[in-house]
Amino acid sequence: MALKTEYLKVVVLVLLPVSLFLSMVDYYFLSYVSFIPEKLRGFMVVFSAVLTTFFINVYLSHKGRIRAYNRIPEKTEKVFKKLKEAHTFCSAQRASFNDIFELFSRNIQETIKMTEEYIIEFVKKLESLYSNSKEQTELIKSSLSSGENLIKIIDRQIDYNRENIKNLDLVIEMRNRNLQENLNRIYKLREKMYQVTPVIDSIKNIAEQINILAINASIEAARAGVSGAGFSVIANEIRKLSNNTEKMVQEIQDKILSMIEEVDESYRYFKVRITKTEVLELVEKVRQNNQEMENDLSKIGGLMVTIINEINKQNEIIYSMVVELLGEVQFQDVIRQRLEKVCEALEELSKYNSELLRWVENCEEKSKPVEIKVLLEKFKERYIMADQRRVHAEVFEGETVIKKEAPQIELF
Amino acid sequence: MPKTVLIVDDSATMLLSLKTNLEMHGLKVEQASNGKEALDKIKSGLKPDLIITDLNMPVMDGLEFIKNVRPILRFTPILILTTESEQTKRQQAKALGATGWLVKPVSGQDLINVMKKVLPGV
């Protein structure tokens, strides 16, 4: 633009005035040439001026006499040189550009492959985790089932024990009843023996009275003299008899008292035996042990149920997590498809780049490539995800809000 | 007798994750990596109780597969599980006889819930 302006300045300020001056001279000489009509003279002067300007221009350009004329080709040459350099540089880089596109594309493909391999491994491990968890749960359930069977056996044993204790209780009750009956008999015997004591006392009194009577009879016999001698013998005999009786009664009384004492002792002994015996204590102990065992087993049973429930709960959690994670791994497919679209775009950009550079190299023969906008429109048409459309809109259309997509899950 | 589900997807991760999920729910799984492979299996006598297919696949895409499979399996529910969110494709799938449309990623539980609706007894 600057060169053009300088050139025009030279033309207007130098060449045109010089040409006009020469034309005036021409006109002056033409006025002496009579065969040229006057109307054509002006035209011929202008024509001559233009022609002169042209030749002077050609001459000066050729000779390089005017500075401005020299500078225009110099600058143009410089620009062309620069352009040529840029063109050579771009041509040299073109192949590298395509290699770089290829590099990006390959990297993305490798990344996709890598994520795919990792995700497959991940899913396999998830599957293994679930299988192990399930197997472990089954194993624990089986162990618990064996434990439950054992508890059932012990439980049955406890029932037997309980039954035996009940039978023992019956036996003890029968024994106690017998004891009680015996005790009652002893009690009655004791009572009867006590009833005998006053009779013995009466016999003893009678014996004493007989003795007194015998003494009185002896006295009376002595007073009667010889006639009472026989009576005195009888009286003595009666007195002896009375003494003997008294003695025997005393012995009987002592023996009865001794027997009463023994019966009392037996009574007390049996009475204690009824309420408290070793057998009873043992039975009570067995009963307590059985009860304790029952309580323990009940606790173990409860614990086992709790364990089973906890394991089931944990298994449910693992199961839900595995199911959710199996859904989450779909992100790899989503990313794969997005990256594949980027690869496709890179490939097309690479082709477009080649086409563009070929056209720059030979713009006269090659047809002009389409505008890059057309390529972008193609990209846009090929998007399959809402997010791809959103990003495109945000980058190229400056839109941050796009229309709402259809629902994620739809049953027709 | 467990119910059979045919899953069609060109992604190895999708096939494996779906297979694992469905087998965990007591289902028998058959798989194919594109529409043609799935169609060949059906023509060979496979009678799945449910088909879950992707849409964008090489060789034969999901829509083409549904178009070909519908005359053979008239009443089998077909679910499309895809990243495609365009409404026109959805309408096309509906017109061809698809039963439902699910946009990836779908949570494992959501997938099972949908399956329970289209395949009673799962």
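How many residues of chain A are in contact with how many residues of chain B? That's where I'd like to start today. The count is 34 residues of chain A against 40 residues of chain B, where contact means heavy atoms within 4.5 Å.

Some housekeeping before we go on. This is a predicted model, where local features need pLDDT of at least 70, side-chain atom pairs count only at pLDDT 80 or more, and totals for chains, interfaces and linings use all residues. Residues are numbered from 1 along each chain as its sequence is written, chains are lettered from A and ligands numbered from 1 in the order in which they are written, and side-chain values use heavy atoms, with hydrogens and water left out.

Okay, the interface. The size of an interface is often given as the accessible area lost when the parts come together. Here, chain A and chain B bury about 3100 Å² between them, with 59% of that on carbon and sulfur atoms; buried area is the accessible area (1.4 Å probe) that two parts lose on being put together, summed over both. On the chain A side, the residues that lose the most area to chain B are Gln330(A), Leu411(A) and Phe412(A), together 22% of what that side buries.

What about charges and polar atoms? Five salt bridges turn up across the interface of chain A and chain B, a salt bridge being a side-chain nitrogen of Lys or Arg within 4 Å of a carboxyl oxygen of Asp or Glu. For example, Arg389(A) and Glu86(B) meet in a salt bridge at 3.9 Å, N to O.

Which parts of chain A supply at least two residues each to the side that touches chain B? They are α3 (67-224), α5 (278-328), α6 (330-361), α8 (386-397) and β1 (409-411). Those labels are DSSP runs numbered from the N terminus: helices (H or I, at least four residues) and strands (E, at least two). By class, that side of chain A has 20 nonpolar, five polar and nine charged residues. Nonpolar covers Ala, Val, Leu, Ile, Met, Phe, Trp, Tyr, Cys and Pro, charged covers Asp, Glu, Lys and Arg, and the others, Gly among them, are polar.

Now look at β1(A). It joins strand β5 (residues 100-103) of chain B through three bridges, running antiparallel; two strands pair if DSSP finds at least two bridges between them. Glu410(A) has Trp101(B) as its bridge partner, and Leu411(A) has Gly100(B).

From there we can walk through the strands of chain B. β5(B) pairs with β4(B) in the parallel sense over four bridges, with Leu81(B) opposite Leu102(B). Strand β4 (residues 78-82) of chain B is joined by three bridges to β3(B), also parallel, and there Thr53(B) partners Ile80(B). Then β3(B) and strand β1 (residues 4-8) of chain B run parallel, with four bridges, including the pair Leu6(B) and Ile51(B).

In a regular strand the side chains alternate between the two faces of the sheet. In β3 (residues 50-53) of chain B, Leu50(B) and Ile52(B) point one way, Ile51(B) and Thr53(B) the other, and all are buried. Buried means under 20% relative accessible area, exposed over 50%, partly exposed in between (1.4 Å probe, protein chains only). β5(B) is covered on both faces too: Gly100(B) and Leu102(B) on one side, Trp101(B) and Val103(B) on the other, all buried.

Within chain A, Arg287(A) meets Asp169(A), with the closest N and O atoms 2.8 Å apart. That pair links helix α5 with helix α3, 118 residues apart. Arg287(A) is partly exposed at 32% relative accessibility, and Asp169(A) is partly exposed at 25%.

In chain B, are Asp9(B) and Lys104(B) buried or exposed? Both count as buried, Asp9(B) at 2% and Lys104(B) at 4%. Their side chains meet in a salt bridge at 3.1 Å, N to O. Asp9(B) sits in the loop between β1 and α1 (12-24) and Lys104(B) in the loop between β5 and α5 (108-118), so the pair ties together parts 95 residues apart in sequence.

And that brings us back to both chains: Asp9(B) and Lys104(B) are linked in a network of salt bridges with Asp10(B), Asp54(B), Asp333(A), Arg336(A) and Glu340(A).
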